Amino acid sequence: MARVVIVSNRVPLPSKGAKAGGLTVALKDVFKQGALWLGWSGEIAAQTATSAKIHNTGKLDFATLDLSEDDYRQFYVGFANSVLWPLLHFQTGLLEFDREDFAGYLAVNRTYAKALAELLQPDDLIWVHDYHLIPLAEALRALGVKNRIGFFLHVPFVPASVFAIVPPAEKLLRMMLTYDVVAFQARQHLHDFEDCLLSFLNIARQSGEPIWYEGRPVIVDAIPIGIDSRGFARQAKKAEQSRVALRLFDSMEGHAFMIGVDRLDYSKGLPNRFEAFGYLLDRYPEHRMHVTYLQIAARSREDVAEYQRLKRELDRLSGDINGRYADFDWQPLRYMTRAVARASLAGFHRQARVGLVTPLRDGMNLVAKEYVAAQDPENPGVLVLSQFAGAAEEMTEAIIINPYDPEEITEAMHEALVMPLDERKDRHEKLFEKICQTTAVSYCRDFLNALAGGTNGHSFTSQ
């Protein structure tokens, strides 16, 4: 069986005490069959490494590279997160393009490629993740690598009219077509990619057919990521009785609560969500003293100025809401920027009457699926979901909202809080069935089977 080689910007080294992130959890079944994972170590060094350090951890080996300060600034802070991230989340006003940053982005990808090429075996399947590494396949091909290489974009894609804003738009598209497989979270992202191909390269794709580029087929598809829904449901039921969950429950003193779990990121729509909660307390006073909103927003990318501004805005909004509506024995909004362990979150989700997932734009958003999976089927909560999250394509029984309208979020919060039990149960039953069909295992299986299409019938199966 071919070895799977995973490449991502960051490697979650166990020795670093890293919590299992979404990608780590999704790829769990791949690890069981043996894999190599290459990426940045998270360390800044005097010079960028030219060869990877190998860390053996059973069937999953890690290969890590340190980056210099200049490479980190140009590759990660610069082009990846000051150009591609805002571009692909439709936040074009935040885009800051610099040619030197783009050159640094290409150079770091060439460094990744050189380090990876030294470690490859002839039949390895290379699975590259996310916008940081769009040029990686081209860099590997330049080194003579013949292995099949697939690319999965975890964030959204954009139509041609938006993609045109980034100066190297056509170059980036050609780099993506250097892969053997290119996949997206949602059908809309795939359609937007096809729009770009037609606009920039005059390539029209027939539905369900590969794209032919420079004489070879490129498989393009939407392959949604999922979770182990039944496993998370069992974890949530157990976690509900954990010490941490009981502390939360006791502190609520029997009040219903709404929960939001996000990274501290401008794409998550948190200011609009905070404003909506303020409107809820103003326009539906029956919820005062009876409902608490818990927002967990783990800090990320703190060296990017826009994130610092976002934190200051949320600090101001949360202080304003609590100042206006809090009582001596009730705090309406609890806002924290520390990360919480996934096991604890499972228990929190199960207790929450409403789950708020209202990003301005998101690739998938697994929190939506985790919230639904965690619910007690006999007394489930209600999911309020942005129409611009990839999850909304399949999770149609949630209350779907436009996150740019805080008043629409307010109305959805109220609807969810007063929804009768029979309707809550009906919605949950249908949602749970859907998230049990699109799982982490099906995601890995479908992508790797597409990638292995030219390797003598190899197929991935869960163990």
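1. Ground rules. This is a predicted model, where local features need pLDDT of at least 70 and side-chain atom pairs count only at pLDDT 80 or more, while totals for chains, interfaces and linings use all residues. Numbering runs from 1 along each chain as its sequence is written, and side-chain values use heavy atoms, with hydrogens and water left out.

2. The main core. The largest nonpolar core holds 103 residues. A nonpolar core here is a set of buried Ala, Val, Leu, Ile, Met, Phe, Trp, Tyr and Cys residues joined through side-chain atoms within 4.5 Å; buried means under 20% relative accessible area, exposed over 50%, and partly exposed in between, with a 1.4 Å probe and protein chains only. V7, Y112, I126, F157, L172, F193 and M258 have the most contacts inside this core. Helix α3 (residues 69-88) gives the most to it, with eleven residues. Helices (H or I, at least four residues) and strands (E, at least two) are DSSP runs, numbered from the N terminus. As background, nonpolar side chains tend to be buried together in soluble globular proteins.

3. If you skip neighbours within four places in sequence, L172 is in contact (heavy atoms within 4.5 Å) with F79, L84, F102, Y105, I134, F163 and V166.

4. Helix α10 against helix α13. Helix α10 (residues 243-252) packs on helix α13 (residues 342-351) at an angle of about 35 degrees, and the axes are 8 Å apart. The axes are lines fitted to C-alpha atoms, for helices over the stretch in contact, and angles run from 0 to 180 degrees between N-to-C directions. On the α10 side the contact uses V244, A245, L246, L248 and F249, and on the α13 side S344, F348 and Q351. By class that makes six nonpolar, two polar and no charged residues. For that count, Ala, Val, Leu, Ile, Met, Phe, Trp, Tyr, Cys and Pro are nonpolar, Asp, Glu, Lys and Arg are charged, and the others, Gly among them, are polar.

5. Aromatic pairs. There are 26 of these in the structure. Rings of Phe, Tyr and Trp (its six-membered ring) pair if their centres lie within 6.5 Å; planes under 30 degrees apart count as stacked, over 60 as edge-to-face and the rest as tilted. W85 and Y131 form a tilted pair, 5.7 Å centre to centre with 50 degrees between the planes. W85 sits in helix α3 and Y131 in the loop between β5 (125-129) and α5 (136-142), so this pair ties together parts 46 residues apart in sequence. Both W85 and Y131 are buried.

6. Y266 is in the loop between β10 (256-263) and α11 (270-283), and Y307 is in helix α12 (residues 305-325), so parts 41 residues apart in sequence are tied together. Y266 is buried at a relative accessible area of 9%, and Y307 is buried at 3%. Separately, F75, F79, F97, F102, Y105 and Y112 form one aromatic cluster.

7. Two backbone spots to look at. Most residues other than glycine have a negative phi. F90 is not a glycine, yet has a positive phi of about 65 degrees; F90 lies in the loop between α3 and α4 (99-117) and is partly exposed at 25% relative accessibility. N365, also not a glycine, has a positive phi of about 80 degrees. N365 is in the loop between β13 (354-357) and α14 (366-374) and is buried at 9% relative accessibility.

8. Helix α14 and L383. Nine of the nine residues of α14 are buried. Their cover includes α9 (229-239), β10, α13, β13, β14 (382-386) and α16 (421-437). L383 lies in strand β14 and is buried, with a relative accessible area of 3%. Leaving out residues up to four places away in sequence, L383 touches G355, V357, A368, Y371, V372, M395, A398 and I399.
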